[in-house]
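Me: I have a model open and want to go through its fold with you. Can we start with the terms and then take the parts in turn?

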Amino acid sequence: MTPVPATAPAAPRGTGSAVRTRTHTWAAPTSYADGAGLSGLEVLQLCVEGRFPQAPICGTLGFRLVAAECGRAVFEGEPAEHLLNPMGTVHGGFLATLLDSALGSAVMSTLPVGRAYTTIQLGVHMVRPVFMDTPTLRCEGTVVHVGRTTATAEARVVGTADGKLYAHATTTCAIFALPEQA
């Protein structure tokens, strides 16, 4: 028996030699300069309207920002085969990224011109498995508190078809001044 070289992946069990590919494209992300003179909410609303590009991670994982208002951001995501872990369920990183996006965007929606955020703590609780044929998931993030240097928010992922809770999370974000643009 000849061992399979470490650089050549073995065919998945039960699928023969079927190999799938996935091509994904994205627009250049919004930069600090693109959003100069705009509040966080204004940038998010331009993304929802399609006048600013969605964040590249959205295309990578298959979710999108669908609504934003002050203190609230909503994303929807599509579970799919390319997101599966070795056990055949959607990888928890998909849910964590969906939650982090909604949480951070909820915080961003409260920030004035010249301020930005970054996640410094993320607590995720997954309560139900997600499969590749699970219908669209909706993740709504809402702000709990925004201060001068930190903000907190909470979010929930629910099925759009069944209304079931799949995951929930909280975050703490650092708030800071945008770097000066030359």
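Reply: Terms to begin with: two strands pair if DSSP finds at least two bridges between them. Helices (H or I, at least four residues) and strands (E, at least two) are DSSP runs, numbered from the N terminus. This is a predicted model, where local features need pLDDT of at least 70 and side-chain atom pairs count only at pLDDT 80 or more, while totals for chains, interfaces and linings use all residues. Residues are numbered from 1 along each chain as its sequence is written, and side-chain values use heavy atoms, with hydrogens and water left out.

Me: Fine. What is the strand order in the open sheet?
Reply: The six strands run in the order 1-2-4-5-6-3, with antiparallel pairing.

Me: Which strands stand at the edges?
Reply: Strand 1 (63–69) and strand 3 (115–126). Each has a single partner strand, so one side of each is left without a neighbour in the sheet. From one strand to the next the twist averages 20°; angles run from 0 to 180 degrees between N-to-C directions, and axes are lines fitted to C-alpha atoms, for helices over the stretch in contact.

Me: What packs on the sheet?
Reply: Helix 3 does, touching strand 1, strand 2, strand 3, strand 4 (137–146), strand 5 (150–159) and strand 6 (165–177). Contact here means heavy atoms within 4.5 Å. The direction of helix 3 makes about 140° with that of strand 3.

Me: Back to the pairing. How many bridges join strand 1 to strand 2?
Reply: Six, and the two strands run antiparallel. Ala-67 has Val-74 in strand 2 as its bridge partner. Strand 2 also pairs with strand 4, again in the antiparallel sense, over six bridges, and Phe-75 stands opposite Cys-139 in strand 4.

Me: And strand 4 to strand 5, how many bridges?
Reply: Nine, also antiparallel. These two strands form a hairpin with three residues between them. Val-146 stands opposite Ala-151 in strand 5.

Me: Switching to aromatics. How many pairs are there?
Reply: Rings of Phe, Tyr and Trp (its six-membered ring) pair if their centres lie within 6.5 Å; planes under 30 degrees apart count as stacked, over 60 as edge-to-face and the rest as tilted. By this rule there are two aromatic pairs. Phe-63 and Phe-75 have ring centres 5.8 Å apart and planes at 75°, so the pair is edge-to-face. Phe-63 is in strand 1 and Phe-75 in strand 2, 12 residues apart.

Me: Which is the other pair?
Reply: Phe-63 with Phe-94: the centres are 6.4 Å apart and the planes at 65°, so this pair is edge-to-face. Phe-94 lies in helix 3 and Phe-63 in strand 1, so the pair ties together parts 31 residues apart in sequence. Phe-63, Phe-75 and Phe-94 form one aromatic cluster.

Me: Are Phe-63 and Phe-94 buried or exposed?
Reply: Both are buried, as is Phe-75. Buried means under 20% relative accessible area, exposed over 50%, partly exposed in between (1.4 Å probe, protein chains only).

Me: What about helix 1, which residues are buried there?
Reply: In helix 1 (residues 40–49) they are Gly-40, Leu-41, Val-43, Leu-44, Leu-46 and Cys-47. Their cover includes strand 1 and helix 3. Just after helix 1, Gly-50 takes a positive phi of about 85°.

Me: Last one: where does Thr-89 lie?
Reply: In the loop between strand 2 (72–77) and helix 3 (92–108). Thr-89 has a relative accessible area of 17%, so this residue is buried. Leaving out residues up to four places away in sequence, Thr-89 touches Leu-83, Leu-84, Pro-129, Val-130 and Phe-131.
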